[in-house]
Amino acid sequence: MRLRFASVLLSGMLLAALPMAAAMPAATQNDSLAFRRASLLARGINLSSWFASSSDLSAAHIAKQVTPADLKLIHDMGFSYVRIGFEPAQFMSNGGFDSADSRAALARLDVAIREAFDNHLAVSLCLFPTDDYKRTLQGQSGADQFLFLWRMLAQHYASTDADHLFFELINEPELNDPYRWDGLQAAAVSVIRGVDSSHTIIATGSFYSGLPELLKVEPVRDGNVIYNFHFYEPMPFTHQGATWGSFEWNYYKDIPYPASPEALGAALAGVPDESARYTLYLYGAAGWNRSSVLGRLMFARQWADSHHVPIICDEFGAYRSTVPSDSRTRYLRDVRSDLEQLHIGWSMWEYNGGFGLVTRTPDGFAIPDAATVDALGLHMPGR
């Protein structure tokens, strides 16, 4: 089957969904199932740069990026699930699902999911595209491809353990139009339900899936859906020293958490740009601490309760390359503790990388950071 055969049908579905999205109430059918399955997503870790976010998606890279030994380690530390992002180009180029390359890529993804199951881990399977792909969602052709891909994936995984495999529609859609995103998301749920009535779907807000975007979401008319958001607030702390995103992050270093004007004095003096210095001043003046985090996360809890839907936070973290380690540990502990206090499942960003939990030895062996493991309320293997 080729994309062109499905585009007319899917275009119609999207056009129908867009004007209806704002009026869609949350359904009650399967609510208890979604809540029960959400409990399996209590403590997770993002397996970044495995099937996505890497310039190398070869079979050799995938085989060594995350191994069965890593998955066993993740389970032994106390995690209940992993979030696996996948790059759609692996399945949509050179003939789509009909190509030999796409079938081989899908087979590798099948193996990864099976290995996670073998290690008693649930899997959130998340479409994790490039920025270029996300920009295509603004047009009809890109929306058609998005819907077609999810129809094919849902059909492929329809018989897979529905209690432990979750379909997460997309990572941070970057579509800064909540109305259009609600319509496209509703259309994707409908497409999946056309071939799979069992698996739980994970939906999200527009743009970067932050907490403000979650609060704008109109739940889809399907009770077997979990809603997720990402939490990296406050960005001057969590992304200090990062070379992407906002320019002022480059100026920030040794930024502490918790925050106060006094604690930020020396750091402020070292920022040469006035705008960046002002942003950092606001971080200190806000007095960020565990109570500040809890107050913000309460909005997610209240939104979910008002719509009677389950929610998770499937990304939070701080950039370990430049964030002071003691402050990073306090921050991770506070966010994790507040999420658990509010009965919101979570997934840390990430297993191995700039925000990571483990480091690799030269022979590829993963060493967890004991302080981070403790901050997450987990335990070092063997203890």
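Is Tyr331 buried or exposed? Tyr331 is buried: its relative accessible area is 0%, and buried means under 20%. Keep in mind that this is a predicted model.

## A strand covered on both sides

Let's start with strand 2, which spans residues 81–86. This strand is mostly covered, with 6 of its 6 residues buried. In a regular strand, side chains alternate between the two faces of the sheet. For strand 2, Tyr81, Arg83 and Gly85 sit on one side, while Val82, Ile84 and Phe86 sit on the other, and both faces are covered.

Strand 2 also has neighbours to pair with. Strand 1 (residues 43–46) runs parallel to strand 2, with 3 bridges between them. Strand 3 (residues 122–127) is parallel to strand 2 as well, and here 6 bridges do the joining. Arg83 is a handy residue to look for: Arg83 is the bridge partner of Asn46, and Ser124 in strand 3 is the bridge partner of Arg83.

Helix 4 covers residues 68–77, and its buried residues are Asp70, Leu71, Leu73, Ile74 and Met77. They span an arc of only 160° around the axis, so they lie on the same side of helix 4.

Now for the empty space. Rolling a probe the size of a water molecule over the atoms shows where such space is left. Searching the whole structure turns up 2 cavities of 30 Å³ or more. The largest cavity holds about 70 Å³ of space. It is lined by 14 residues, and the closest to its centre are Leu47, Ser48, Gly85, Phe128 and Trp349.

Strand 2 shows up again here, giving the largest share of the lining of the largest cavity, 3 residues. What is the lining of the largest cavity made of? It divides into 8 nonpolar residues, 5 polar and 1 charged.

## The largest pocket

The largest pocket has a volume of about 910 Å³. Of its 32 lining residues, Glu172, Tyr208, His239, Trp244 and Glu315 are the closest to the centre. Helix 7 (131–136), helix 10 (211–214) and strand 6 (225–231) are the elements that give two or more residues to this lining.

Which helix gives the most to the lining of the largest pocket? That's helix 10, with 3 residues. By type, the pocket lining splits into 13 nonpolar, 10 polar and 9 charged residues.

## Rings that meet

The model has 19 aromatic pairs. In one of them, the ring centres of Tyr227 and Trp303 are 5.6 Å apart and the planes meet at 70°, which is over 60, so the pair counts as edge-to-face. Because Tyr227 belongs to strand 6 and Trp303 to helix 14 (residues 290–307), this pair ties together parts that are 76 residues apart in sequence. Both Tyr227 and Trp303 are buried.

Here is Tyr331 again: Phe237 and Tyr331 form a tilted pair, 5.4 Å from centre to centre with 55° between the planes. Phe237 is in helix 11 (residues 235–238) and Tyr331 in helix 15 (residues 325–341), so this pair links parts of the chain 94 residues apart. Elsewhere, ring pairs link Phe86, Phe91, Phe97, Trp150 and Phe167 into a cluster.

Key:
Residues numbered from 1 in each chain as written. Predicted model: local features only at pLDDT ≥ 70, side-chain atom pairs only at ≥ 80, totals over all residues. Heavy atoms only, no water. 1 Å grid on protein atoms, 1.4 Å probe; cavity = no way out; pocket = protein on both sides within 12 Å on 5 of 7 lines; lining within 4 Å. Points joined across faces, edges and corners; volume = space filled by probe spheres on them. Helix = DSSP H or I, 4+ residues; strand = E, 2+ residues; numbered from the N terminus. Nonpolar A, V, L, I, M, F, W, Y, C, P; charged D, E, K, R; others polar. Buried < 20%, exposed > 50% of the residue type's maximum accessible area, 1.4 Å probe, protein only. Pairing = 2+ DSSP bridges. Arc of directions from axis to C-beta. Phe/Tyr/Trp six-rings, centres within 6.5 Å; stacked < 30°, edge-to-face > 60°.
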